[in-house]
Each structure stands twice: as structure tokens, then as C-alpha cells.
Amino acid sequence: LPDSEPKLIAGIRRRAAHTRSRARVSRVVAGIGDDCAVLRLPAGHQALVTTDLSVEGVHFRRDWHPPDSVGHRCLARGLSDIAAMGGDPVAAFVSLALPADLPQSWVDKFFSGLLKLGSSFRVPLAGGDVAESPSGVCTDIVLVGSVPAGKALLRSGARPGDGIYVTGELGRSAAILHGLSNGRKPAPRAAENRPHFFPTPRLEAGRALRGIASAAIDISDGFSSDLAHICHESGVDALVHEHSLPRGVHGFDSSSLHFALHGGEDYELLFTAPPKARVPARIGKLRITRVGEIIRRTRPRKSRDSDPRLFLADSHGQRKELTPRGWEHFSAGG
Ligand SMILES: [Mg+2]
């Protein structure tokens, strides 16, 4: 490890304590330094727990992503899952496997990115683990959140007739990743590149959708795959209107449509709501766009091919089948 393990943990503990002291209401009774963290959940709430791995060469590359971006994205993935459930984050835990020759400054900047995002959402880092990796950096983030009992937004609640909505814009992150893999060097801190390097988890929107959305998911794999997950869990199909997709890449060429439909890591929310629900046009500054509707299953329920079907309608109303395509993470070596 770059630093001795006790020294590394002492450093993280010192820096984590700073975010903790800034938390509005500390839900961490005991954090780093005990065998387990002790968390206090608000009365009448249920716990949410999510875990996400980030692997060098699969989810990020050290020559493409600055260390603070890797730290930010690591925490953002967990926070985005809490947002998708309509929850509030309570505490984060991060485990790292680090190559012995990794510079200490990389680790310091990783934590700068992670803790900066944590403090902007008042999420304390309450524990974790460190080990030496034989090759490459691997990070695992665990997020604990809370949601009023029975109010979690699930993937299984979509019904025929419900509208399909997304927050923000789609495809920007994938377009930037595509540029990186084609040798471009986008500036990570430029506003137009932040959706990829420093995405904002949609916690405020998730919270606001409690009691409005019938189902929700965050767009991590890609719009088409994540919509298929909702349809699968809800036992329904979906119709998407091509022209209504809010594309993050300007110009309506085929690649911007491809990135919007299949590009991953947007970390926007995809949700459904019943026809009578009052879906706001904006939540804060974030635009909400209706992109389609849930339809009845077109395959018999007992069919061996139980996959849901997605349809894409063009501006003339012509429908074609939309095959869900997850974002294929770049392979090691590009
Ligand atoms: Mg998710």
C-alpha cells in the first residue's frame, strides 16, 4: 500500500470526521474506529442498503479519469441507487484494493472527490476497508439510506397506462466516454463534461417522487436496459416516443439517439407514474420529461420467452421493437 495501512486509515478517519461534523443530523452513533458502525435511523423508517463495485479497466481508467473523479463516481453510484428508491442517504462505507505502487497522492485525491460529494449531500463516510491489490484499483461503495416505512420506490409498481418519465438529459456520459475511447481528451472539469466525470445523483428528485412514482430505477446500465428492468419486475411492456427523449448530445443524428437510448452512467432517474399523478415539470432546476407509456404485456405470461418487450415510435407513430442494449463498459486496454 502507498502508506502503511494504519497510517492510511488514520488519514481517512481524520478527513471523514470533517464531513461527519458537517452532517445536519448525525445518524452515525459510532463510525470509523469500531468493529461496526452504529447508525440511528429515523423513527418509522426502513433501511436501504446498496453496494457497487468499480473496477479499474472496467468502470474507469487511471489515464482517463482523474482520481477525484473516480472517488466522486464511486460515491455517486451508491447515492444514485438511494435516490432511485426515494430514500435519504444515512452513511457511506468504502472498501479499496490498491496496488502497492499506487502514489499516495492518488489515494488522497480519490478521497477528496469522494468526501467533497459526500459533504455536498451531507453523507458521512462511516467505515470501510483497505487491502493490497495484485493489479489495478478496485473500489466498493456501500450506502445505507432510510425511507419512510412502505414508501420505497420499487421497480415492480408500473402498470399499463402509466406514463414513463426521465429526469435531466440522456446520453451525455456515454458520448464523452465514446470520445475518450476515440483518443479525445475532454476536460473533466468543464461544465459540459461533468455528467461523465462528476455526475450529480438525483436525491432531491427521488425524494420528491415518493407518493407520485409507481416505479423507479436510476439509469446506470442505459435507458433501454433500465426500462427493461422495470418492465420485467412489473410484468409489463413499454412504448417509447423517440422524439421526446431529452438528448444530452446536441444534433439529432443517429449517434445522439443511440447514446440516449443505450448509453450508460447517466445517473438520471427513470420512473413511471399513473395517469392521474401530478408529475411536476421540474424538481428544483431539474427538468422532468415524459418519454412514453407502459403498455400491457404482448407476450402471454406463461410464455417461455418471458422477456418484456419495448417499442420505439418515431414521429409518424411508426413502431419498431427496441432491443435493450446495456452499455458495454470499455474493456481493459480500451
Ligand atoms: Mg441502480
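Helices here are DSSP runs of H or I with at least four residues, and strands are runs of E with at least two, numbered from the N terminus. The model is predicted.

**Exercise 1.** Locate V123 and decide whether V123 is buried or exposed.

Solution.
1. V123 sits in the loop that links helix 3 (104-120) to strand 5 (125-133).
2. Buried means under 20% relative accessible area.
3. V123 has 3% relative accessibility and therefore counts as buried.
4. From the C-alpha atom of V123 to that of G235, 112 residues apart along the chain, the separation is 35 Å.

**Exercise 2.** Find which residues coordinate the magnesium ion, and state which parts of the chain the pair ties together.

Solution.
1. The ion is coordinated by D81 (OD) and D218 (OD), at 2.1 Å.
2. D81 belongs to helix 2 (residues 67-84) and D218 to strand 8 (residues 215-218), so the pair ties together parts 137 residues apart in sequence.
3. D81 and D218 are both buried.

**Exercise 3.** Explain why helix 4 is described as largely enclosed.

Solution.
1. The buried residues of helix 4 are S173, A174, A175, I176, L177, G179 and L180.
2. That is 7 of the 10 residues in helix 4 (residues 172-181), so the helix is largely enclosed by the rest of the structure.
3. After helix 4 comes G183, with a positive phi near 85°.

**Exercise 4.** Identify the residues that touch the most other members of the largest nonpolar core.

Solution.
1. The core has 46 residues, and V94, F110, F111, L114 and L125 touch the most other members.
2. Helix 2 gives the most to this core, with 8 residues.
3. Leaving out residues up to four places away in sequence, the contacts of L125 include I12, I32, F93 and F111.
4. A second, separate core of 25 residues includes F223, I230, I294 and L310.

Conventions:
Residues numbered from 1 in each chain as written. Predicted model: local features only at pLDDT ≥ 70, side-chain atom pairs only at ≥ 80, totals over all residues. Heavy atoms only, no water. Donors = N, O, S within 2.8 Å, 3.2 Å for Na, K, Ca; no water. Buried < 20%, exposed > 50% of the residue type's maximum accessible area, 1.4 Å probe, protein only. Core = buried A, V, L, I, M, F, W, Y, C linked by side-chain atoms within 4.5 Å. Contact = heavy atoms within 4.5 Å.
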